Amino acid sequence: DEAEVAYEIALQRADALGDLESQAAAHAGLWRTTETADHHLDQALALYGNGLGDEKAVKALREESAATP
């Protein structure tokens with residue numbers, strides 16, 4: 001899947017730069033793209049919550065994940 005590959009590349013670049021916000025966004029994108037990779041959701045939540053202190057993003061992801069069947 002092209003989207004998954006793009007998010008993987010974005011994640012690698014964000015990791016190399018130490019860009020937490022881009023890492024979180026890439027993990028969230030990978031979770032949405034694969035829909036079964038809870039690891040990516042957990043990583044995104046940890047980065048947004050603990051790394052960035054963005055509780056609004058954490059709340060939005062939690063709500064989105066609760067709505068996903």
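This is a predicted model: local features need pLDDT of at least 70, side-chain atom pairs count only at pLDDT 80 or more; totals for chains, interfaces and linings use all residues.
**Exercise 1. Check the span of helix α1 against what its residues should give.**

Solution. 
- Step 1. Helix α1 covers residues 2-17, which is 16 residues.
- Step 2. At 1.5 Å a residue, helix α1 should span 22 Å.
- Step 3. The C-alpha atoms at its ends are 23 Å apart, which agrees.
- Step 4. After α1 comes Gly18, with a positive phi near 70°.

**Exercise 2. Decide whether His27 is buried or exposed, and list what it touches.**

Solution. 
- Step 1. His27 belongs to helix α2, residues 20-34.
- Step 2. Its relative accessible area is 8%. Buried means under 20%, so His27 is buried.
- Step 3. Leaving aside residues up to four places away in sequence, His27 touches Leu11, His40, Gln43, Ala44 and Leu47.
- Step 4. With one of these, His40, there is a polar contact between side chains at 3.0 Å.

**Exercise 3. Find the salt bridges of the whole structure and say which parts each one joins.**

Solution. 
- Step 1. Side chains of opposite charge can pair when their charged atoms come close. A search of the whole structure finds 2 salt bridges.
- Step 2. One is between the side chains of Arg32 and Glu64, at 2.8 Å from N to O. Arg32 lies in helix α2 and Glu64 in helix α4 (residues 55-67), so this pair ties together parts that are 32 residues apart in sequence.
- Step 3. Arg32 is partly exposed at 40% relative accessibility, and Glu64 is partly exposed at 29%.
- Step 4. Lys59 forms a salt bridge with Glu63, where the closest N and O atoms are 4.0 Å apart. These residues are 4 apart in helix α4, so about one helical turn separates them.
- Step 5. Lys59 is exposed, at 53% relative accessible area, whereas Glu63 is partly exposed at 48%. The cut-off for exposed is over 50%.

Note on methods: Residues are numbered from 1 along each chain as its sequence is written. Side-chain values use heavy atoms; hydrogens and water are left out. Helices (H or I, at least four residues) and strands (E, at least two) are DSSP runs, numbered from the N terminus. Buried means under 20% relative accessible area, exposed over 50%, partly exposed in between (1.4 Å probe, protein chains only). A polar contact is a pair of N or O atoms within 3.5 Å; within protein, one must be able to donate a hydrogen and the other to accept it, and residues adjacent in sequence count only if both atoms are side-chain atoms. Contact means heavy atoms within 4.5 Å. The expected span of a helix is 1.5 Å times one less than its number of residues.
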